[in-house]
Amino acid sequence: MFPFIGEGIFTQDGGPWKHSRELLRRPFLKTHYQTLEGFQEPVNNLLSRLSSSSGVVDLQPLFFQFTLATTTTLIFGQPVDSSGDDKQNSFARSFDHASWITTLRSRLTDFYWIYKPKHYREACKNIKAFADGFVTIALSAISDGKKEDASDRYALIEDLYADYKDERLVRDQLINVLLAALRLYPPIPINVRFANKTTWLPRGGGPDGRSPILVRKGLGLGFVSYYMHRRKDIYGEDAMEYRPERWEGPGLADIGWAYLPFHGGPRLCLGSKHCISTGV
């Protein structure tokens, strides 16, 4: 993931990860975010585009542009569409492509370095250049004497720069947060965790998969929430159907870790509330 998102919360563990986690969660608690102020302009733009359309409308690109605008308002201090449609579309394509190639590289485990195609390198370069531009704008605004207004608008960038004193590290963390909050589909479909010590899992071993299985220290374990959320033994025979009312009854009241749209524990997605607000 390093060519894509650089040095940040997604590529850190231990002490550095804990520091990044604490640093990055502060802006998500800011008042302007809780009052949904950052949604006003993107919502108006979405409604304007819908009202000016005729016939059959493809909603997916419109919703993606809306999500992109609200997320970059939160992270960069202004919506990405303020840079113009060409730059917005270029950034969106680069982000989507880099995310896809990074997923493919992760499946190669220790041999990820074999697959680094030209378009992937170009997409990563484009994303970093785009983020660099917002960092420069924010730091210039903060240093121009309008600190009070700039501090509210560019809170995340200001906090990161005060801590790191390095524009590159600020940029990398912004891309990390963007990766956490911005998805074509909000749930993270696959993830990997590595064992800090030798342990075992209660199921997964034996011919029928119901026996305990040894997990040695350093072993990586992948889990796919995309498939788990479609398991008929958990969600019923109609698991593949969109039926929100399934949550109204007692059947899924104690579902626990079988439902992980934003994962859980200390690595719960920082952008979870933002995604929920965007969906609402």
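**Entry 1: the core**

I looked up the largest nonpolar core, which has 38 residues, and noted that F4, I75, L160 and L174 touch the most other members. The model I am reading is a predicted one. I then listed the elements that give two or more residues to this core: α1 (2-5), α2 (14-25), α5 (59-76), α6 (85-106), α7, α9 and α10 (167-181). The element that gives the most is α7, with 10 residues.

I next asked which residues F4 touches, leaving out those up to four places away in sequence. I found F95, A98, S99, T102, Y120, C124, I127, K128, I175 and L179. I also recorded another core, lying apart from the largest one. This other core has five residues, among them Y235, L252, I255 and A258.

**Entry 2: two packed helices**

I turned to the packing of helices. Two packed helices are described by the angle between their axes and by the distance between the axes. For helix α7 (residues 118-143) and helix α9 (residues 155-164), I noted an angle of about 85° and axes 10 Å apart. Angles of 65 to 115 degrees count as roughly perpendicular, and α7 and α9 are therefore roughly perpendicular to each other.

I looked up which residues meet where these helices touch. From α7 they are F134, V135, A138, L139 and I142, and from α9 they are I157, E158 and Y161. Sorted by class, this contact has seven nonpolar residues, one charged residue and no polar ones.

**Entry 3: a hairpin**

I examined strand β2 (residues 199-205) and strand β3 (residues 211-215), which pair in the antiparallel sense over four bridges. G205 has S211 in β3 as its bridge partner. The hairpin of β2 and β3 has five residues between the strands, and there G206 takes a positive phi near 80°.

**Entry 4: a positive phi**

Most residues other than glycine have a negative phi. I found K165 in the loop between α9 and α10. Is K165 buried or exposed? I recorded a relative accessible area of 56% for K165; exposed means over 50%, so K165 is exposed.

I located D238 in the loop between α12 (232-235) and α13 (272-279). The cut-off for buried is under 20% relative accessible area, so D238, at 18%, counts as buried. Not counting residues up to four places away in sequence, D238 touches R243 and R246.

I then looked up F223, which is found in strand β4 (residues 220-223). At 28% relative accessibility, F223 counts as partly exposed.

**Entry 5: the whole chain**

Finally, I noted the totals. How many helices and strands does the protein chain have? I recorded 13 helices and four strands. Of the 280 residues of the chain, 39% count as buried. Among contacts with a separation of 6 or more, residues 24 or more positions apart account for 61%.

Notes. Residues are numbered from 1 along each chain as its sequence is written. This is a predicted model: local features need pLDDT of at least 70, side-chain atom pairs count only at pLDDT 80 or more; totals for chains, interfaces and linings use all residues. Side-chain values use heavy atoms; hydrogens and water are left out. Axes are lines fitted to C-alpha atoms, for helices over the stretch in contact, and angles run from 0 to 180 degrees between N-to-C directions. Angles under 35 degrees count as roughly parallel, over 145 as roughly antiparallel, 65 to 115 as roughly perpendicular and the rest as oblique. Contact means heavy atoms within 4.5 Å. Ala, Val, Leu, Ile, Met, Phe, Trp, Tyr, Cys and Pro count as nonpolar, Asp, Glu, Lys and Arg as charged, and the others, Gly among them, as polar. Two strands pair if DSSP finds at least two bridges between them. A nonpolar core is a set of buried Ala, Val, Leu, Ile, Met, Phe, Trp, Tyr and Cys residues joined through side-chain atoms within 4.5 Å. Buried means under 20% relative accessible area, exposed over 50%, partly exposed in between (1.4 Å probe, protein chains only).
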